[in-house]
Amino acid sequence: PLREGAAVPAGGLDLAGRRFTPLALWRNLVPKVENCYVHLLSSYTSSEFTSLVRQHLAFLGRRVAVAGHPEIQGRLADVSTSGGLILREGGREYVVSSGSIVPADS
């Protein structure tokens with residue numbers, strides 16, 4: 001489901017009179033996201049930035065797995081100071097620096 005105020009239906013841009021191909025939309029969005037990210041990094045300390053990110057983690061507290069690496073699973077516990085996701089499981093801790101996480105079967 002779409003998050004109210006945070007997403008638009010796929011046809012929403014077309015209805016608003018904007019016509020973008022997927023590539024044109026990507027080319028338009030990526031520099032804006034990069035500028036926002038650079039601004040955030042320069043405006044906050046490392047701990048402030050990770051605290052901000054932590055507030056928006058979709059699976060915080062839930063069991064997740066790293067897609068393509070089923071042996072790496074655990075509860076999403078936090079964000080490391082380097083920006084990786086911290087997973088904890090059975091006394092082990094993994095810091096996931098790249099990849100995709102998906103909900104794990106409970």
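Helices, taken as DSSP runs of at least four residues, and strands, taken as runs of at least two, are numbered from the N terminus. In these terms the predicted model contains three helices and five strands, arranged along the sequence in the pattern α-α-α-β-β-β-β-β. Of its 106 residues, 18% count as buried, and the protein exposes about 8,200 Å², of which carbon and sulfur atoms supply 56%. Among contacts between residues at least 6 apart in sequence, 31% join residues at least 24 apart.

The largest nonpolar core comprises nine residues, namely Leu57, Val64, Val66, Leu76, Val79, Leu85, Leu87, Val96 and Ile101. Strands β1 (63-66), β2 (69-79) and β3 (85-89) each supply at least two residues of this core. Leu76, itself a core member, touches Leu57, Phe59, Leu60, Gly61, Arg62, Val64, Leu85, Ile86, Leu87 and Ile101 when residues up to four places away in sequence are left out of the count. On the surface, by contrast, Leu23, Trp26 and Val30 form a nonpolar patch with about 320 Å² of accessible area together. Val30, which lies in helix α2 (residues 22-43), has a relative accessibility of 34% and therefore counts as partly exposed, the class between under 20% for buried and over 50% for exposed.

Side chains of opposite charge can pair when their charged atoms come close, and the structure holds three salt bridges. Arg54 is partly exposed, its relative accessible area being 27%.

A salt bridge is also formed by the side chains of Glu89 and Arg63, at 2.9 Å from N to O. Because Glu89 lies in strand β3 and Arg63 in strand β1, this pair ties together parts that are 26 residues apart in sequence. The two partners fall into separate accessibility classes: Glu89, with a relative accessible area of 30%, is partly exposed, whereas Arg63, with 18%, is buried.

Arg88 and Glu93 likewise form a salt bridge, in which the closest N and O atoms are 2.8 Å apart. Here Arg88 counts as partly exposed at 42% relative accessibility, and Glu93 counts as partly exposed at 47%.

Note on methods. Residues numbered from 1 in each chain as written. Predicted model: local features only at pLDDT ≥ 70, side-chain atom pairs only at ≥ 80, totals over all residues. Heavy atoms only, no water. Buried < 20%, exposed > 50% of the residue type's maximum accessible area, 1.4 Å probe, protein only. Contact = heavy atoms within 4.5 Å. Areas by Shrake-Rupley, 256 points an atom, 1.4 Å probe, with all protein chains shown as cover. Core = buried A, V, L, I, M, F, W, Y, C linked by side-chain atoms within 4.5 Å. Patch = residues over 30% accessible without salt bridge, like charges linked within 9 Å, V, L, I, M, F, W, Y side chains within 5 Å. Salt bridge = Lys/Arg side-chain N within 4 Å of Asp/Glu carboxyl O.
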